[in-house]
Amino acid sequence: MSVTNALYAQSGGPTAVINATAQGVIEAARAARPRLGKLFAARNGILGALHEQLLDTDAASADEVAGLGARPGSAFGTARYKLAPFEEDEREYRRLIEVFRAHDIGMVFFNGGNDSMDTALKLSQLGRRLDYPLACIGLPKTVDNDLPATDCCPGFGSAAKYVAVSTREAALDVAGMARTSTKVFILEVMGRHAGWIAAAGGLAGNGFGEPPHIILFPEVPFEQEKFLARVRESVEQHEYCVIVASEGARYADGRFLSEAGGTDAFGHKQLGGLAPVLANMVRESLGYKHHYAISDYLQRSARHLASATDLSHAYAVGEAGVKRALAGANAVMITIERTANQPYAWTPSSAPLEEVANREKELPPEFITDDGYGITEAARTYLQPLITGEAPLAYRNGLPVYANLDLPEVPCRLPPFK
């Protein structure tokens, strides 16, 4: 293989460990020299590639790169942007090839979720369509854990740990004051179509009466009267009720409980907050004093509660992506293959992007209890290793110290893209 440059891009919502993947890519690329040339990072994901906003990762010292693994958020900027089908508009595709050609980029590492893998697939097809040698590797990233072909997704384990810990701590708070005050607490978590994060909340307790008392999954149709009866039963038996609710909870006809109208860049319906909807149901029907919290960005940015397992996964997919590209791989996503549960063991593998793009992996039925409100032992066996282990941070003046790379932009060689 001739020496070529490479491009790394982040896409979609960040995670607590997304930059560990960037660290894995950068360190593997440096170790591969002289077989691999320069590694650029796109500013704001695919938009940076379109507008030739490329960052020179060589400007970062080894210590600065090593610090990436401790930084939440997107170190280089990310974006939700969907490329139009090639048949409808070739301009963006031809522009990308122009940018790649101008900077001798023959490898692209695209770090994202479901829709991002579709972009990665389109990029891999782009080279063939336009007769440009291009290897494109998808690097999985999503707190939702809904990418198929991989045992789990980097980013999920840390979000799962945050939700499990938050559920347990909030439950202790509510239990201590339930006799005279709050009876119902609702924690809303991410998960539009798949209930993986909500299921992780179930790790907070294990046994009769231990919270969460109710978990709402997108995979289980919501029945209001059944839900309210379960809330009443929990309060009568235990004095309080803790609920973990996936934002994608929906009725049997497919309507989201929290549908707010409008769509995002990928055509997904915008959701408007499930917790207050449920809280209002409880107030109007049962009259219980209640509180709710929406974990929102906190669950995906809580690096202080990151899972050591998750951090290892994130770094490994970045490192493996570079190695497989150098070995001739193209149009694949790096995956995590679980080889054992006790003790937990895993290895990086890969799957064709065509088996991943625009597909979602839902929580399997065997992970949900028969009543639809809890998780089974099979779910615990799957989930527990993913939240295991701590990934401590350095602190200064009581606050975590995060890397903040200030990389120079590579000089443009093309006219601006409009």
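Which residue stands opposite Glu188 in β8? In this predicted model, that residue is Ala245. The pair belongs to the contact between strand β6, residues 184-189, and strand β8, residues 241-246, which run in the parallel sense and are joined over 6 bridges.

These two strands are part of an open sheet of 4 strands, ordered β7-β8-β6-β11 and paired in parallel fashion.

Helix α6, spanning residues 156-177, packs on it and touches β6 and β8. The direction of α6 makes about 165 degrees with that of β6. Helix α8, residues 224-238, lies across β6, β7 and β8, and its course is at about 150 degrees to β8.

The loop between α6 and β6 holds Thr182. Is this residue buried or exposed? Thr182 counts as buried because its relative accessibility is 3%, below the 20% cut-off. Leaving aside residues up to four places away in sequence, Thr182 touches Val174, Met177, Lys289, His290 and His291.

The discussion now turns to another sheet. This open sheet has 7 strands in the order β3-β2-β1-β4-β5-β12-β13, and its pairing is mixed. Its edge strands, β3 (54-56) and β13 (344-352), each pair on one side only. From one strand to the next, the twist averages 30 degrees.

The pairings can be followed along the strand order. β1 and β2 run parallel and are joined by 4 bridges; within this pair, Thr4 has Leu36 of β2 as its bridge partner. Of the 7 residues of β2, 6 are buried, so the strand is largely enclosed by the rest of the structure. Further along, β4 (residues 105-112) pairs with β5 (residues 135-140) in the parallel sense over 6 bridges, and Met107 finds its bridge partner in Ala135 of β5. The parallel pairing of β5 with β12 extends over 2 bridges, with Met333 in β12 as the bridge partner of Gly138.

Helix α11 lies across β2, β4, β5, β12 (332-341) and β13, and runs at about 40 degrees to β13.

How do these helices meet each other? Two packed helices are described by the angle between their axes and the distance between the axes. For α1 (residues 18-31) and α11 (residues 308-326), the angle is about 35 degrees and the axes are 7 Å apart. Their crossing is right-handed. On the α1 side the contact is made by Ala20, Thr21, Gln23, Gly24, Val25, Glu27, Ala28 and Ala29; on the α11 side it is made by Leu311, Ala314, Tyr315, Val317, Gly318, Glu319 and Val322. Classified by residue type, the contact of α1 with α11 has 9 nonpolar, 4 polar and 2 charged residues.

The cysteines remain to be considered. A disulfide is a covalent bond between the sulfur atoms of two cysteines. With a cut-off of 2.5 Å between cysteine sulfur atoms, the count comes to 0 disulfides. For Cys136, the nearest cysteine sulfur is that of Cys153, 17 Å away, and Cys136 is in no disulfide. Cys136 counts as buried because its relative accessibility is 0%. Cys152 is likewise in no disulfide, the nearest cysteine sulfur, that of Cys153, being 6.9 Å away. With a relative accessibility of 1%, Cys152 also counts as buried.

Methods: Residues numbered from 1 in each chain as written. Predicted model: local features only at pLDDT ≥ 70, side-chain atom pairs only at ≥ 80, totals over all residues. Heavy atoms only, no water. Axes fitted to C-alpha atoms, helices over the stretch in contact; angles between N-to-C directions. Left-handed = near helix turned anticlockwise from the far one by under 90°. Contact = heavy atoms within 4.5 Å. Nonpolar A, V, L, I, M, F, W, Y, C, P; charged D, E, K, R; others polar. Pairing = 2+ DSSP bridges. Buried < 20%, exposed > 50% of the residue type's maximum accessible area, 1.4 Å probe, protein only.
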